[in-house]
Amino acid sequence: MPTFVTRPLDPRQIDQAYALMRPFYPDLTVERWRDHALALLAPGSRGGIVTVQLDHRYMHGLFSYLMVPDLDHRLGLQVDVFVALDLFDREGAADALLAEMDRIALRYGCDAIHITLPDSQVKAHPSLARFRALGHLPEGRRLCKHMTAEAAVPA
């Protein structure tokens with residue numbers, strides 16, 4: 001069985017990574033993905049994107065992260081995108097990404113890793129069992145308010 005290797009996303013692979021994102025984020029436009037990826041890959045960013053690949057350099061998964069101050073955990077590694085797709089070894093791709101996530105958190109002195117999955121993925125995400133098996137347990141629920149002029153709280 002081939003071995004999965006994790007690598008930082010090369011900016012030349014941003015469009016290839018977009019194809020991997022589409023099944024999980026059907027409303028994501030290529031322009032929005034490019035903006036997101038370029039912001040995380042920019043010099044001085046406190047984040048990044050990690051891919052998992054086989055020898056042929058075709059991506060089988062990725063995650064994006066940002067290191068953020070956290071009141072409960074001092075410094076957290078916030079993961080908002082986690083995708084693992086492999087027809088024959090999905091767990092292998094997910095495990096390689098999760099192990100790299102741990103290495104990054106340890107390298108930068110993060111006290112916790114927070115993975116946020118969109119509601120549409122929480123029940124059906126193929127790697128959810130792997131998250132739990134490797135110690136990623138629910139800790140509250142993240143809420144989000146989409147800001148528009150109509151959504152603003154009256155003064």
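Helices (H or I, at least four residues) and strands (E, at least two) are DSSP runs, numbered from the N terminus. His114 sits in one of these runs, strand β5. The model is predicted: local features need pLDDT of at least 70, side-chain atom pairs count only at pLDDT 80 or more, and totals for chains, interfaces and linings use all residues. Residues are numbered from 1 along each chain as its sequence is written, and side-chain values use heavy atoms, leaving out hydrogens and water.

**Strand β5**
- Side chains alternate along β5, residues 112-115.
- β5 runs parallel to β4 (residues 74-84), joined by four bridges; strands pair if DSSP finds at least two bridges between them.
- Val79 stands opposite Ile115.

**His114**
- His114 counts as buried because its relative accessibility is 18%.
- Beyond four places in sequence, His114 contacts (heavy atoms within 4.5 Å) Asp70, His73, Leu77, Gln78, Val79 and Glu139.

**Nonpolar cores**
- A nonpolar core is a set of buried Ala, Val, Leu, Ile, Met, Phe, Trp, Tyr and Cys residues joined through side-chain atoms within 4.5 Å.
- The largest has 24 residues, and Leu77 and Leu97 are among those with the most contacts inside it.
- β2, β3, β4, α3 and α5 each supply at least two residues of this core.
- α3 gives the most, with eight residues.
- A second, separate core of 18 residues includes Met21, Leu28, Trp33 and Ala37.

Key: Buried means under 20% relative accessible area, exposed over 50%, partly exposed in between (1.4 Å probe, protein chains only).
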